[in-house]
Amino acid sequence: MVDKVEKIWMNGELVPWDSANIHVLTHTLHYGLGVFEGIRCYKLDDGRSAIFRLEDHIRRMYDSAKIMRLDMPFDAATVVEACAETVRANGLDECYIRPIAFMGSGAMGVGARPPTTISVIAWRWGAYLGDEGLQKGIRAKISSFTRVGINSLMAKGKVCGHYVNSILANREAQESGYDEAILLDPQGYVSEGSGENLFVIRDGVVYTPGLGGSLLGGITRATVMRIIKEMGVPLVERNMARDELYIADEIFAVGTAAEVMPIRQVDDRDIGTGVRGPITAEIQKRYFDVVRGRTVIDPAWLHIV
């Protein structure tokens with residue numbers, strides 16, 4: 001359950017949590033055309049709090065809106081400040097932040113274009129798949145559901161309706177006894193998890209599917225790629241077949257919610273020794289050092305609240 005806080009930002013003002021309501025005829029509720037982001041705020045070692053890569057997330061949100069031809073009633077700078085304002089107003093030192101833009105009520109039908117509402121919600125949210133998963137790794141299943149194609153639903157946008165695909169894959173995996181799903185693209189290559197990008201390690205080289213395919217370009221993916229380069233570890237973007245996962249030395253998934261999550265098993269096959277591997281562990285450590293301000297790669301990544 002979402003941990004209720006006091007205020008939610010809606011269309012330029014902070015309103016009480018219980019008053020942040022929409023009409024049942026809200027267009028996006030019926031047809032799914034809306035865009036959103038998932039962002040984390042971390043408490044730094046010096047006691048301050050910082051939203052990680054806030055400006056990059058909001059830029060992607062506006063990119064998604066452009067792709068989907070969704071009118072945005074506020075500029076990006078306003079939504080950046082709205083995220084920080086929502087965190088401050090609720091007295092949160094660590095939280096997950098969900099800015100979302102959706103078409104409201106007043107007109108129905110796939111051709112309708114009712115006005116866009118933008119809202120920002122923040123709540124306390126720990127490790128996405130649990131602290132144990134971060135330490136020991138999770139079990140994943142190759143999904144029977146294919147990741148959306150690049151010319152079917154505009155895969156580079158983080159769009160509300162796209163996540164039906166992720167929900168189906170995730171539910172299938174969990175109901176089969178796994179923690180997460182791994183989706184293949186329409187050509188049969190490895191794409192991503194239900195909400196994470198994937199990295200595969202073999203013989204000291206890190207591989208990840210390229211952005212030219214159906215996967216979403218993750219902000220955490222870009223952060224981790226920068227960390228890997230700082231480590232001096234070889235990094236290759238290319239297509240990968242599903243059986244390459246089975247013989248990998250290490251696999252990990254990354255995303256704002258998941259952070260850096262080791263995968264210890266895929267389709268009942270142990271990955272490497274079946275525990276979090278050494279390269280994954282080092283990347284994970286460096287990632288948390290970066291988001292908590294212990295290591296600074298780019299000062300612009302930390303938006304102090």
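**Aromatic cluster and helix packing**

Phe52, Tyr287, Phe288 and Trp301 form one aromatic cluster. The model is predicted, so that local features need pLDDT of at least 70 and side-chain atom pairs count only at pLDDT 80 or more, whereas totals for chains, interfaces and linings use all residues. Residues are numbered from 1 along each chain as its sequence is written, and side-chain values use heavy atoms, with hydrogens and water left out.

A pair of aromatic rings is described by the distance of the centres and the angle of the planes. Rings of Phe, Tyr and Trp (its six-membered ring) pair if their centres lie within 6.5 Å; planes under 30 degrees apart count as stacked, over 60 as edge-to-face and the rest as tilted. The structure contains nine aromatic pairs. In one of them, Phe52 and Trp301 are edge-to-face, with 5.8 Å from centre to centre and 80° between the planes. This pair links distant parts of the chain, 249 residues apart: Phe52 belongs to strand 5 (residues 49–52), and Trp301 to the loop between helix 8 and strand 17 (302–304). Helices (H or I, at least four residues) and strands (E, at least two) are DSSP runs, numbered from the N terminus. Phe52 counts as buried because its relative accessibility is 5%, buried meaning under 20% relative accessible area, exposed over 50% and partly exposed in between (1.4 Å probe, protein chains only). Trp301 is likewise buried, at 5%. The rings of Tyr287 and Phe288 are also edge-to-face, because their centres lie 5.7 Å apart and their planes at 75°. Tyr287 is buried, at 2% relative accessible area, and Phe288 is buried at 16%.

Tyr287 also takes part in the packing of helix 8 against helix 6. Helix 6 (residues 219–231) and helix 8 (residues 278–291) pack at about 115°, their axes 10 Å apart; axes are lines fitted to C-alpha atoms, for helices over the stretch in contact, and angles run from 0 to 180 degrees between N-to-C directions. The two helices are therefore roughly perpendicular (angles under 35 degrees count as roughly parallel, over 145 as roughly antiparallel, 65 to 115 as roughly perpendicular and the rest as oblique). Contact means heavy atoms within 4.5 Å. Among the residues that meet are Thr220, Val224 and Ile227 in helix 6 and Ile283, Arg286 and Tyr287 in helix 8.

Helix 2 (residues 54–68) and helix 3 (residues 76–89) cross at roughly 130°, with axes that come within 10 Å. Helix 2 and helix 3 are therefore oblique to each other. Their contact involves Leu54, Glu55, Ile58 and Tyr62 of helix 2 and Ala76, Val79, Val80 and Cys83 of helix 3.
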